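Good morning. I will take a few minutes to walk through one structure, starting with the whole chain and ending with a single residue.

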Amino acid sequence: MMDSSSSSAGTAGLTTDDDRSYNSGGIPFISSWIASVSQRYQYYLDKATPFVLRRWICFGVVALIYLIRVIVLEGFYIVSYGLGIYVLNLFIAFLSPQVDPEMQQLLDSDGPSLPTRASDEFRPFVRRLPEFKFWYSMTKAFVIAFIMTFFSVFDVPVFWPILLLYWVVLFTATMKRQILHMIKYRYVPFTFGKQRYNRKRAAAAEDAVASRSSA
């Protein structure tokens, strides 16, 4: 009698242990699958990093698809307004230096700064928001906004010309402040128009100076 009860208790304990191991084994499987998908996603992002033009062409296609859908539906203007504000913030971060010259003057740090005079040493422009993160954030924002257009809860009735006018005024004021900041601290957030060191040109200039001195 005791043997049967003990055997049944042992069987129950074994079943409980098996169920516990089975249930706990499902969580590591899901975690490993998510980690694998995340690694593969990051791998493709890393592969796409050097293809700047192709990435922005893909972004243009995504933005065009979203624009067409909003025009066809004639709604979701509040989503578009929020998207426009977010894109404006990203653009300002893309144009801004990583270290604000005004804050650096206040803190008087020894870190790299932008030249403010013609005699200062040239330092490369480092963006607060790098180009790849700017593209990735823009693309992700448009994809999320596109998905939101499938849910009527986000279609808030508003008078869209007022939102458009307010966004244009906000864009104008923000860009004016950014341009004044660029003029005050003398930096250009783009690659064209900057002086680059050319080894061949420098060697030719040195040869010309040497020939003039020898003559």
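Predicted model: local features only at pLDDT ≥ 70, side-chain atom pairs only at ≥ 80, totals over all residues.

The secondary structure consists of seven helices and zero strands. Going along the sequence, the pattern reads α-α-α-α-α-α-α.

Now some totals. The chain has 215 residues, and 21% of them count as buried. It exposes about 16,400 Å², with carbon and sulfur atoms supplying 66% of that area. If we take the contacts with a separation of 6 or more, 84% of them are between residues 24 or more positions apart.

Next, the core. Which residues of the largest nonpolar core touch the most other members? They are Phe59, Tyr66, Leu83, Phe134, Met138 and Phe142, out of 23 residues in that core. Two or more residues each come from α2 (52–73), α3 (77–95) and α5 (131–148). The element that gives the most is α3, with nine residues.

Take Phe134 from that list as an example. Setting aside residues up to four places away in sequence, Phe134 touches Trp56, Leu90, Phe91, Phe94 and Leu129.

That brings me to helix α3.

The buried residues of α3 are Val79, Tyr81, Leu83, Gly84, Val87, Leu88, Leu90, Ile92, Ala93, Phe94 and Leu95. As background, an α-helix has 3.6 residues a turn, so residues three or four places apart point the same way. The buried residues of α3 pack against α2, α5 and α6.

The last stop is in α6. Met175 is found in this helix, which covers residues 160–185. Is Met175 buried or exposed? Its relative accessibility is 14%, and buried means under 20%, so Met175 counts as buried.

What does Met175 contact, leaving aside its neighbours within four places in sequence? The partners are Phe91, Ile92 and Leu95. One of these, Ile92, is 83 residues away from Met175 in sequence, yet their C-alpha atoms are 7.9 Å apart in space. Ile92 is also among the buried residues of α3.

Methods:
Residues numbered from 1 in each chain as written. Heavy atoms only, no water. Helix = DSSP H or I, 4+ residues; strand = E, 2+ residues; numbered from the N terminus. Buried < 20%, exposed > 50% of the residue type's maximum accessible area, 1.4 Å probe, protein only. Contact = heavy atoms within 4.5 Å. Areas by Shrake-Rupley, 256 points an atom, 1.4 Å probe, with all protein chains shown as cover. Core = buried A, V, L, I, M, F, W, Y, C linked by side-chain atoms within 4.5 Å.
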